[in-house]
Amino acid sequence: MTSIPATMTAIGIASPGGPEMLVPQERPVPQPGEGEILVKVAAAGVNRPDVIQRKGLYPPPPGVTDIPGLEIAGTVAGCGPGVERWRSGDHVTALVSGGGYAQYCVAHETHALPIPGGLTTAEAAAVPETFFTVWHNVFERGGLKAGETLLVHGGSSGIGTIAIQLAKAFGARVITTAGSSEKCDACRRLGADVAINYKTEDFVLLTKSATGGGGAEVILDMVGGDYIERNYEAAAVEGRIVQIAFQGSPRANVDFRRIMLKRLHHTGSTLRSRSVPDKGAIARAVEHCVWPLIAAGKVRPVMDNIFPFREAAKAHARMESSVHIGKIVLGM
């Protein structure tokens, strides 16, 4: 590790607030601990939790750096004690608990995967947070099976674009919501069977219509608020609703009789605070089940924009405008 500098440039949060609070700072290069690798970052994905953290509403877990960024791609620059899989010079993409907006970032070796063939480094940086989240929530928690219908809210988001592709790749039907005709068209091009403009159409009515009145077996929701009760209406008997965020409100006034009458399951999860073994298990499942689909060209991240690293504020402003379709990435 002799060629690694003592300090690096990172994008820090000067104080809670708007995108302009993201500023370049000089920071010490982190040192990999037991089972960890140090990655020289070539690209970092931008995600909604980064925006929430910048506003001061999503503090990093205890012991995690305050530098934002939850997914990276780059080259292994060094290995801590006990690392078995990786060597310096390996090209990896990794899920991290923070620190991605920097020239160097530490990742646990079990949360790193080889960059799939056919992907650029920027595309590889757009993979971990979304693919891990979709796989765990739609397939492991939601139990989506071939022939079932998935309703995914926010189909043009980074999460949504991957959920559409993976659900179709595994033989499910997909209904999605999005906020404009352009976004709905993008969802259809990705394979969505039905795309609903939630600003002008009723997703409950159209989901039931598209399923012959039966409803969706799995619903992936990041909105919350009044969507919670509406999801119960749109769900099939024995349906599974999986909550991954609350872009609306985490509180709702809900008639819970639907859970009993339809025998519904409402579950949810967050990724960042999960244990190292938990995230390692998700990584292994994604590598086994999804990496071959990426290598075959059947699934790939939809790229919206790649911003220069020092223009992280512009990247956040674009994400908050909600005009983006797919992933926003910072490139070194």
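**Figure 1. Surface and overall dimensions of the protein in this predicted model.** The accessible surface of the protein amounts to about 13700 Å², and 54% of that area belongs to carbon and sulfur atoms. Of the 332 residues, 52% are buried. A compact globule with 332 residues would have a radius of gyration near 20 Å, and because the protein has 20 Å, its value agrees with that expectation. Along the principal axes, the C-alpha trace spans about 65 × 40 × 35 Å.

**Figure 2. An open sheet of six parallel strands.** Strands in a sheet pair through hydrogen bonds of the backbone, in either a parallel or an antiparallel way. In this sheet the pairing is parallel, and the strands follow the order S10-S9-S8-S11-S12-S13. Strand S10 (194-197) and strand S13 (265-268) are the edge strands, each of which pairs on one side only. On average, and with direction ignored, neighbouring strands of the sheet are turned by 15 degrees against each other.

**Figure 3. Strands S12 and S13, with helix H3 lying across the sheet strands.**

**Figure 4. The buried and exposed sides of helix H5.** In helix H5 (residues 181-190), the buried residues are Lys183, Cys184, Ala186 and Cys187. Seen down the axis of H5, these buried residues fall within an arc of 155 degrees, so they line one face of the helix. They pack against helix H4 (158-169), strand S9 (173-178) and S10, whereas the face turned away from the buried side carries the exposed residues Ser181, Glu182 and Arg189. Just after H5 comes Gly191, which takes a positive phi of about 120 degrees.

**Figure 5. Gly80, a buried residue in a loop.** Gly80 is found in the loop between strand S4 (71-79) and strand S5 (91-95). With a relative accessible area of 11%, Gly80 counts as buried, because that value lies under the cut-off of 20%. When its neighbours within four places in sequence are left aside, Gly80 is in contact with Pro32, Gly33 and Glu36. The C-alpha atoms of Gly80 and Ile37 are separated by 5.9 Å, although these two residues are 43 residues apart along the chain.

**Figure 6. Positive phi values at Arg263 and Ser322, neither of which is a glycine.** Arg263 has a phi near 55 degrees and is placed in the loop between helix H8 (257-262) and S13. Its relative accessible area is 46%, so Arg263 is partly exposed, a value between the cut-offs of 20% and 50%. Ser322 has a positive phi of about 60 degrees, and its place is in the loop between helix H11 (312-321) and strand S15 (327-331). Ser322 is also partly exposed, with a relative accessible area of 32%.

Definitions and conventions
Residues are numbered from 1 along each chain as its sequence is written. This is a predicted model: local features need pLDDT of at least 70, side-chain atom pairs count only at pLDDT 80 or more; totals for chains, interfaces and linings use all residues. Side-chain values use heavy atoms; hydrogens and water are left out. Two strands pair if DSSP finds at least two bridges between them. Helices (H or I, at least four residues) and strands (E, at least two) are DSSP runs, numbered from the N terminus. Axes are lines fitted to C-alpha atoms, for helices over the stretch in contact, and angles run from 0 to 180 degrees between N-to-C directions. Contact means heavy atoms within 4.5 Å. Buried means under 20% relative accessible area, exposed over 50%, partly exposed in between (1.4 Å probe, protein chains only). The arc is that of the directions from the helix axis to the C-beta atoms. The radius of gyration is taken over C-alpha atoms; the globule rule is 2.2 Å times the number of residues to the power 0.38. Accessible areas come from the Shrake-Rupley method with a 1.4 Å probe; for residues, only the protein chains shown count as cover.
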